[in-house]
Amino acid sequence: MPTTDDSNSSTSRQTPWNKGQLVGQKRPLKPKDVWSIRARLEIEGRERDLALFNLAIDSKLRASDLVSLRIEDVQIGGRVRERATIIQQKTARPVQFELTDGTRKAIQILLLHRGSGAGFLFPSRSRGQSHLSTRQYARLVHGWVTDAGLDSPAYGTHSMRRNKAAQIYRKTGNLRAVQLLLGHRKLESTVRYLGIEVDDALSISEQLDL
C-alpha cells in the first residue's frame, strides 16, 4: 500500500475562502439604527443611497434582485407604486413587496433629478449601461453601518433583507407571513433564515389554545 506524503497533502489543500473573516448570519439592524442611518443619508443629501436603503428594507429582496430592479418595476404612469411584484432570480418565483411613504418619496426624488423614465433604478456609475453590482451594494451597506458606529463585519446585505422580516416575526410570530414576504419555497428555510430557536417555536406554540 502506498504511503501518504503528509507534506505534499497539506500543501495541496486550499486555504478556506473565509479564513480570518466573520461569517454566519448577519444581524438585522435595530430600529434605532435604521432611523440613524436614514437620518444621516437625508442630511447628507445622498439621494441614491437613501432610496436604495429604504427600498432594501421595504422589499426584503436578495441583493441580486434589489440591484437589478428597473424603474418600471416600481413606477407606473409617472407615480411610484405602493406595491410591486418581481420574479426572483434564485427561485424564478414571484414575490410582492410594499413601498412605504418614505420609500416612495425617496424614489420619486431620485427619478425626478435623473430625468429618465426607463432603465435600471440603480445604474452603475462605473459600468456603462449595467446596474449597481452586488459587490458595490455590499460596500455601500458596510459604509452605512460603519458611519452609524456599528460593527461593520457583523452586518451585510442580508441584514437589509432580514430587517423587516425579523421585526414582523418578533411582533406577530407569523412564520407563514414572513415566508411569503421573503419568497421562500419552504417554511424550514424561513426558520433557518431567521435563526429561530426551539424555545421561540415552543413559545409561539404555547400561545395557541386548541
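A residue is called buried when its relative accessible area is under 20%, exposed when it is over 50%, and partly exposed in between, using a 1.4 Å probe on protein chains only. By that rule methionine 160 is buried, with a relative accessibility of 1%. The structure is a predicted model, in which local features need pLDDT of at least 70 and side-chain atom pairs count only at pLDDT 80 or more, while totals for chains, interfaces and linings use all residues. Residues are numbered from 1 along each chain as its sequence is written, and side-chain values use heavy atoms, with hydrogens and water left out.

**Overall make-up**

- The protein chain contains 11 helices and 4 strands; these are DSSP runs numbered from the N terminus, with helices being H or I of at least four residues and strands E of at least two.
- The chain has 210 residues, and 40% of them count as buried.
- A contact means heavy atoms within 4.5 Å.
- Among contacts in the chain with a separation of 6 or more, 58% are between residues 24 or more positions apart.

- Methionine 160 sits in helix α8.
- Apart from residues up to four places away in sequence, methionine 160 touches Leu29, Phe53, Ala56, Ile57, Tyr137, Val141 and Trp144.
- Asparagine 163 also belongs to helix α8, and its relative accessible area of 4% means that asparagine 163 is buried.
- Beyond its neighbours within four places in sequence, asparagine 163 has contacts with Pro28, Leu29 and Ile57.

**Loop residues**

- Lysine 60 lies in the loop between α3 (47-59) and α4 (63-67).
- Lysine 60 is 100 residues from methionine 160 in sequence, yet their C-alpha atoms are 7.0 Å apart.
- Because its relative accessibility is 1%, lysine 60 counts as buried.
- The phi angle of lysine 60 is positive, near 60°, in a residue other than glycine.
- Alanine 92, which is not a glycine, likewise has a positive phi of about 60°.
- Alanine 92 is in the loop between β3 (83-87) and β4 (94-98), and a relative accessibility of 56% makes alanine 92 exposed.
- Arginine 27 is placed in the loop between α1 (6-12) and α2 (31-43).
- With 46% relative accessibility, arginine 27 is partly exposed.
- Arginine 27 and alanine 154 are separated by 127 residues in sequence and by 6.2 Å in space, C-alpha to C-alpha.
- When residues up to four places away in sequence are not counted, arginine 27 touches Ala154, Tyr155, Ser159 and Arg162.

**Leucine 110 in helix α6**

- Leucine 110 is part of helix α6 (residues 101-114), and at 8% relative accessibility leucine 110 is buried.
- Its contacts, leaving aside neighbours within four places in sequence, are with Glu47, Arg48, Ala51, Leu121 and Phe122.
- The C-alpha atoms of leucine 110 and leucine 52 are 9.9 Å apart, and the two residues are 58 places apart in sequence.

**Packing of α9 and α10**

- The axes of α9 (residues 175-182) and α10 come within 9 Å and cross at roughly 90°; axes are lines fitted to C-alpha atoms, for helices over the stretch in contact, with angles from 0 to 180 degrees between N-to-C directions.
- The two helices, α9 and α10, are therefore roughly perpendicular to each other, a term for angles of 65 to 115 degrees, whereas under 35 is roughly parallel, over 145 roughly antiparallel and the rest oblique.
- On the α9 side the contact is made by Leu175, Arg176, Val178, Gln179 and Leu182, and on the α10 side by Leu187, Thr190, Val191, Tyr193 and Leu194.
- These contact residues of α9 and α10 divide into 7 nonpolar, 2 polar and 1 charged; Ala, Val, Leu, Ile, Met, Phe, Trp, Tyr, Cys and Pro count as nonpolar, Asp, Glu, Lys and Arg as charged, and the others, Gly among them, as polar.

**The largest pocket**

- The largest pocket holds about 410 Å³ of space.
- A pocket is an open set of points on a 1 Å grid over the protein atoms alone, where a 1.4 Å probe fits, with protein on both sides within 12 Å along at least five of seven lines; lining residues have an atom within 4 Å of a point.
- The volume is the space filled by probe spheres set on the points, which are joined across faces, edges and corners.
- The largest pocket is lined by 18 residues, and the closest to its centre are Arg62, Lys90, His158, His184 and Tyr193.
- Helix α8 supplies the largest share of the lining, 4 residues.
- By class, the lining has 3 nonpolar, 7 polar and 8 charged residues.
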